[in-house]
Amino acid sequence: MTRPSDWGVRTKTPKEVTDKVENIVRKALEERFKGQLVFDPIIVMPSIDHCGDEYLHIYVVVDGDYKLLDPGWTLELPRLILEQVDEGEVPGIPDDSFIPKSEWEEDQWEEYIRELAS
């Protein structure tokens, strides 16, 4: 997967931070769902909102019964991330998208993510 910087989008979040957030998300999902669902890939992308502020958007591809996702729990994922990083380490409030594996076509989503990042 390419990064926004590959497309000319200027973000300041280092890869070490996006990797750390990916690991936090993966661990939280594994602990919560205990093998009932498979989450792969998990893509943490530094993004720029409409005001020009940076934030992290997390794309999670879900393989399994999508109905098992608990919206109350998934809404708490940004808070769980922020609790496990140093203050100011992650820009803004992370946002997430859960995508059913049946709708995941890497080339299609890569183009979609590229559009969001531009």
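In this predicted model, a helix is a DSSP run of H or I with at least four residues, and helices are numbered from the N terminus.

Begin by selecting residues 15-33, which make up helix 1. Its 19 residues reach 27 Å from the first C-alpha to the last, close to the 27 Å expected at 1.5 Å a residue.

Next, colour the buried residues of helix 1: Val17, Thr18, Val21, Ile24, Val25, Ala28, Leu29 and Phe33. These residues lie on the same side of helix 1, because they cover an arc of only 135° around the axis. Turn to the face pointing away from that buried side, where the exposed residues Glu16, Asn23, Lys27 and Glu30 are found.

Now show what covers the buried residues of helix 1, which includes strand 1 (38-48), strand 2 (54-63), helix 2 (71-74), helix 3 (77-83) and strand 3 (95-100).

Then centre the view on Phe33, which is buried with a relative accessible area of 1%. Which residues form one aromatic cluster with Phe33? The cluster consists of Phe33, Phe39 and Trp73. Two aromatic pairs are found in the whole structure. The rings of Phe33 and Phe39 have centres 5.5 Å apart and planes at 50°, so this pair is tilted. Phe33 and Trp73 form an edge-to-face pair, 5.6 Å centre to centre with 85° between the planes. This pair links helix 1 to helix 2 across 40 residues.

Finally, select Arg32, which lies over the face of Phe33 at 5.0 Å from the ring centre.

Note on methods: Residues are numbered from 1 along each chain as its sequence is written. This is a predicted model: local features need pLDDT of at least 70, side-chain atom pairs count only at pLDDT 80 or more; totals for chains, interfaces and linings use all residues. Side-chain values use heavy atoms; hydrogens and water are left out. Helices (H or I, at least four residues) and strands (E, at least two) are DSSP runs, numbered from the N terminus. The expected span of a helix is 1.5 Å times one less than its number of residues. Buried means under 20% relative accessible area, exposed over 50%, partly exposed in between (1.4 Å probe, protein chains only). The arc is that of the directions from the helix axis to the C-beta atoms. Contact means heavy atoms within 4.5 Å. Rings of Phe, Tyr and Trp (its six-membered ring) pair if their centres lie within 6.5 Å; planes under 30 degrees apart count as stacked, over 60 as edge-to-face and the rest as tilted. A charge sits over a ring if NZ of Lys or CZ of Arg is within 6 Å of the ring centre and within 35 degrees of the ring normal.
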